[in-house]
Structures are given as structure tokens and as C-alpha cells.
Amino acid sequence: MREAAGLRQETEGQVSHITLDRPEALNALTPQLRDHLIGLLSDASADPDVRAVVITGTGRGFCAGADLRNASPAGEPVAGDVARTIRLGAQRLIAAVLDCEKPVIAAVNGTAAGLGAHLAFACDLVLAAESARFIEVFVRRGLVPDGGGAYLLPRILGPHRAKELMFFGDALPAPDAERLGLVNRVVPDAELDKTARVWAARLATGPTRALALTKQLVNASLDTDRTAAFAAEAAAQEINMTTADAREGVRSFVERRSPEYGGR
């Protein structure tokens, strides 16, 4: 197990379990915690012994967003500082999730607000406890959504629903989030960890490189035209057919047995 202030990580059964651990602050992200989380996602991408990632939190909150208590610098703001901070901070975190080469599951155990909500929405699969809720909290603070929110939400919900959440900042209960398609599944609070582990274990025994290429294709498809998407699909299949797992998949079909994927 690896621990740092406000964060725990352990690898079990080829799954990297990352737990935000600042329950007294609803797991709000300090710059140091955010950078550590980015590093763990990068490590998971590069480690062949990690084949899936789960992100969750302790206590009543999944993540309350960025910790703003020390966010206001002394003196007059300098032009460009805010944009640079967001680009190198919140946006870099969301990009790390989207670009992770392993499937990432969010197990949302409580409040996910602001950047914390966007952290969950950027994950490939989202499980939510019945008590979880999602809040586009920025408007309550007189702020513009950041951390990729205006990119992620319209692609999941469409522009009108995204604007409703962002304009009003109302808390969205987990069942409503599931109905809108923000959440894959809502489970009883006591079953969240178990369900996340079952899903992650299934992913960790899958064809890891094929899953990575599938993730890239789906994420890129929303920003490209059909011709480019079809070309990317063909190229991905070409690359994937060089992997041992693809050969195993075809061989197991011919031999009428279950495949045994090694992640390579």
C-alpha cells in the first residue's frame, strides 16, 4: 500500500485502488493531492501489472472539488495566472483520467461537487451509492465551470440538460443521475465497494490493450467526423491484432473454450 497525505493506493488482483482520504474536508483536492492522483493514473497506464483502476473516497464525500481555502493569492491578480492554474491543475487531472490506458471506475460514495463531479464523469464507468449526489457547484460561487465540465456534460447529457445543471447548481441525487445517463448503476451504500471490486476484477481479466484502444476510439469519436472515426477504428484493429490477447481471443473461439487474457 502507498499512502500520502489525503490519499491511499493499493494494488490488488491487478487493480489499482485509489482512495481519497480527507474525510474532514469531504476529500477536497489540494494541489498536492491532485498532482499525486495524476501521478498514480500515469503509473497505472505504464504498469503492465495494473489492468484496471478504481477511484473512491472515504467518509461522506467522494470529492467536494478543489480545496479553495488557500486558493486566493495575495495582491492583485496577474493576467494569465488563473488560466495557467486551471490548465496545469484541474484540466490536467481530467485529462489524466481520460487518457489513462486502463479502464477507470468511479465508485462515488457521497457528495461529488465541482471538480469532484467532473472527476467522476471523466471515468469510463461510474458506480454510485444510493446516498451519492452530484453538484455543479460553480454557479453558487459565482464561477465558470472548469475541470472540463463544459466539455464533458454536453457530451453525456446534451446541451440543455448540461445548462440546467450548470445554471442552477442544484444537487442531483444518484437515482436521477442514473436516469440521465451520468451514472452506470446505483447500488445500496453497503454494496458500493463490493460492486466496484467485481466490475474491476472483470475488467482486469479482459483484453487490456483492446480495452485501451476501445476507450480511445469512443472518446475521440465525439470530436471527429465519420471518415476519421472509421479510419481510426481500422487502425486500432490493425494495432490490436498484433497483441497476444487478440490471438488468444480468436484461438479460444476456434477451440470452443473461454479465453484467458494476459493483458498483452
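This is a predicted model: local features need pLDDT of at least 70, side-chain atom pairs count only at pLDDT 80 or more; totals for chains, interfaces and linings use all residues.
Helices here are DSSP runs of H or I with at least four residues, strands are runs of E with at least two, and both are numbered from the N terminus.

Figure 1. Residues are numbered from 1 along each chain as its sequence is written, and side-chain values use heavy atoms, leaving out hydrogens and water. The chain holds eleven helices and eleven strands. Its radius of gyration (over C-alpha atoms) is 19 Å, close to the 18 Å from the globule rule (2.2 Å times the number of residues to the power 0.38) for 264 residues, so the chain is as compact as a globular protein of that length.

**Figure 2. Inside the chain.** Of the 264 residues, 44% count as buried, meaning under 20% relative accessible area with a 1.4 Å probe, protein chains only. Take the contacts (heavy atoms within 4.5 Å) with a separation of 6 or more: residues 24 or more positions apart account for 69% of them.

**Figure 3. The second largest pocket.** A pocket is an open set of points on a 1 Å grid over the protein atoms alone, where a 1.4 Å probe fits, with protein on both sides within 12 Å along at least five of seven lines; lining residues have an atom within 4 Å of a point. About 650 Å³ of space lies in this one, the volume being what probe spheres set on the points fill, with points joined across faces, edges and corners. Of its 26 lining residues, the closest to the centre are Ala122, Cys123, Asp124, Val218 and Asn219. Helix α9 gives the largest share of the lining, six residues.

Conventions. Buried means under 20% relative accessible area, exposed over 50%, partly exposed in between (1.4 Å probe, protein chains only).
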